[in-house]
Amino acid sequence: MAACRLLGSFGAAPWTGSGRKLVACISVRLHSGRAEEKQTHFGFESVSESEKAEKVYRVFENVAKNYDIMNDAMSLGIHRLWKDALIRMMNPLPGTKLLDVAGGTGDIAFRFMDYLRLQHERQSRQAMKSFQSPSWQQINDFYEQQNKSDSGSKAVICDINKEMLKVGRQKAEQLNYTEGLAWVVGNAEELPFDDDKFDVYTIAFGIRNVTHIDHVLQEAYRVLKPGGRFLCLEFSKVQNPIISRLYDLYSFQVIPVLGEVIAADWKSYQYLVESIRRFPDQDEFKGMIEDAGFYKVEYNNWTSGIVAVHSGFKL
């Protein structure tokens with residue numbers, strides 16, 4: 001501000017000695033501002049917070065088209081089992097409103113809709129068994145009532161990256177998911193939704209890529225309804241030391257190579273491996289979730305802690 005006031009006093013003065021001093025003063029202040037910008041990590045690299053946001057965006061823009069193929073290759077398909085288990089743990093009921101953050105390719109949302117459909121079909125079959133000799137009118141009334149009870153279930157997929165959402169929408173069309181889904185461009189640290197809106201909030205393999213984890217958790221708490229549930233599936237700290245050494249070897253020696261061979265992108269997958277090592281361990285992350293206001297926070301380790309699912313409730 002002092003520089004702006006000084007500039008006003010000079011107006012459009014010619015390049016005098018005083019003018020040169022002013023420009024030097026402004027330059028120093030600007031460079032000082034950049035130097036004072038808070039630092040964070042991008043994998044093992046130290047960068048400014050604004051740089052990290054740009055770099056992460058470019059990573060997922062680059063990997064979007066091959067994201068699902070690489071997930072299968074890197075995890076040997078096990079990521080599908082982890083995501084299936086997450087939905088079973090959620091156990092959503094008809095009418096549930098889900099917000100899936102950083103879910104651009106739709107994996108969690110599709111499983112959510114499938115689970116509700118299968119649950120609905122199972123309940124319908126069980127209810128029909130109670131009829132001994134139903135009339136056609138009874139059958140018609142029964143299915144109308146079932147359809148009404150299933151209405152309202154919705155999954156909102158929110159992702160900051162437009163390319164990831166584009167891939168997700170294309171998958172939805174190919175797999176014939178035509179109803180109950182909404183695709184929203186949004187930042188996990190500043191969600192474009194009202195307070196107390198969703199029954200369940202999920203984020204799978206996305207929270208480690210944000211700049212401010214605490215902001216994400218606060219936003220998750222804000223948009224959940226009272227009684228709503230937070231579920232986070234993320235890579236975590238391996239518990240067994242032998243498995244940990246093998247996992248490190250695989251992560252740093254194999255995954256970047258797969259990224260180069262399949263997606264022609266070594267650097268993006270090198271970052272993704274490094275980002276896992278920079279993420280808080282299970283207990284530290286549990287404490288962060290509690291600090292955001294969630295209750296009954298707990299976690300389960302899967303595959304020896306290669307991933308963990310954290311759960312909490314807004315009461």
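A cavity, for today, is a set of grid points where a 1.4 Å probe fits but cannot get out. Lining residues have an atom within 4 Å of such a point. Keep that in mind. This is a predicted model.

So, who lines the largest cavity here? The residues are Cys-232, Glu-234, Phe-235, Ser-236, Phe-279, Pro-280, Asp-281, Gln-282, Phe-285, Ala-308 and His-310. The space inside is about 40 Å³. The count of cavities of 30 Å³ or more is 1. Three elements, β7, α13 (282-291) and β9, each give at least two residues to the lining. Strand β7 has the largest share, with 3 residues. By class, that lining holds 6 nonpolar, 3 polar and 2 charged residues.

Let me step back to the whole chain. The protein has 13 helices and 9 strands. It has 315 residues, and 44% of them are buried. Now take the contacts with a separation of 6 or more. Of these, 72% join residues 24 or more positions apart.

Next, the pockets. What is the volume of the largest pocket? About 570 Å³. Its lining runs to 33 residues. Nearest its centre are Ala-102, Asp-159, Ile-160, Gly-206 and Asn-209. Where does the lining come from? Elements that supply at least two residues each include α3 (49-63), β3 (97-101), α6 (107-129) and β4 (154-159). Helix α3 gives the largest share, 6 residues. Sorted by class, this lining has 15 nonpolar, 11 polar and 7 charged residues.

The second largest pocket has a volume of about 450 Å³. It is lined by 23 residues. Met-74, Ser-75, Trp-82, Phe-235 and Ile-255 are the ones nearest its centre. Two or more residues each come from α4 (67-75), α5 (78-90), α10 (241-253) and α12 (266-278).

Two packed helices are described by the angle between their axes and the distance between the axes. For α4 and α5, the axes come within 7 Å and cross at roughly 100°. Angles of 65 to 115 degrees count as roughly perpendicular, so α4 is roughly perpendicular to α5. Which residues make the contact? From α4, they are Asn-71, Asp-72 and Ser-75. From α5, they are Ile-78, His-79, Arg-80, Trp-82 and Lys-83. That contact has 2 nonpolar, 3 polar and 3 charged residues.

On the α10 side, the meeting residues are Tyr-250, Ser-251, Phe-252 and Gln-253. On the α11 side, they are Ile-255, Pro-256, Val-257 and Leu-258. The contact has 6 nonpolar, 2 polar and no charged residues.

Over to strand β7, residues 224-235. Leu-231 lies in this strand. Is Leu-231 buried or exposed? Its relative accessible area is 0%, and buried means under 20%, so Leu-231 is buried. What does Leu-231 touch, beyond its neighbours within four places in sequence? The contacts are Leu-86, Met-89, Met-90, Val-200, Tyr-201, Thr-202, Ile-203, Val-309, His-310 and Ser-311. Ala-220 is 11 residues from Leu-231 in sequence, and their C-alpha atoms are 9.8 Å apart.

Last stop: two backbone angles. Asp-196 is not a glycine, yet its phi is positive, about 55°. It sits in the loop between β5 (181-185) and β6 (198-204). Asp-196 is partly exposed, at 40% relative accessible area. Thr-303 also has a positive phi, near 55°, in a residue other than glycine. Its loop runs between β8 (295-302) and β9 (307-313). With 37% relative accessibility, Thr-303 counts as partly exposed.

That is the tour. Thank you.

Terms used:
Residues are numbered from 1 along each chain as its sequence is written. This is a predicted model: local features need pLDDT of at least 70, side-chain atom pairs count only at pLDDT 80 or more; totals for chains, interfaces and linings use all residues. Side-chain values use heavy atoms; hydrogens and water are left out. On a 1 Å grid over the protein atoms alone, a cavity is a set of points where a 1.4 Å probe fits but cannot get out, and a pocket is an open set with protein on both sides within 12 Å along at least five of seven lines; lining residues have an atom within 4 Å of a point. Grid points are joined across faces, edges and corners, and a volume is the space filled by probe spheres set on the points. Helices (H or I, at least four residues) and strands (E, at least two) are DSSP runs, numbered from the N terminus. Ala, Val, Leu, Ile, Met, Phe, Trp, Tyr, Cys and Pro count as nonpolar, Asp, Glu, Lys and Arg as charged, and the others, Gly among them, as polar. Axes are lines fitted to C-alpha atoms, for helices over the stretch in contact, and angles run from 0 to 180 degrees between N-to-C directions. Angles under 35 degrees count as roughly parallel, over 145 as roughly antiparallel, 65 to 115 as roughly perpendicular and the rest as oblique. Contact means heavy atoms within 4.5 Å. Buried means under 20% relative accessible area, exposed over 50%, partly exposed in between (1.4 Å probe, protein chains only).
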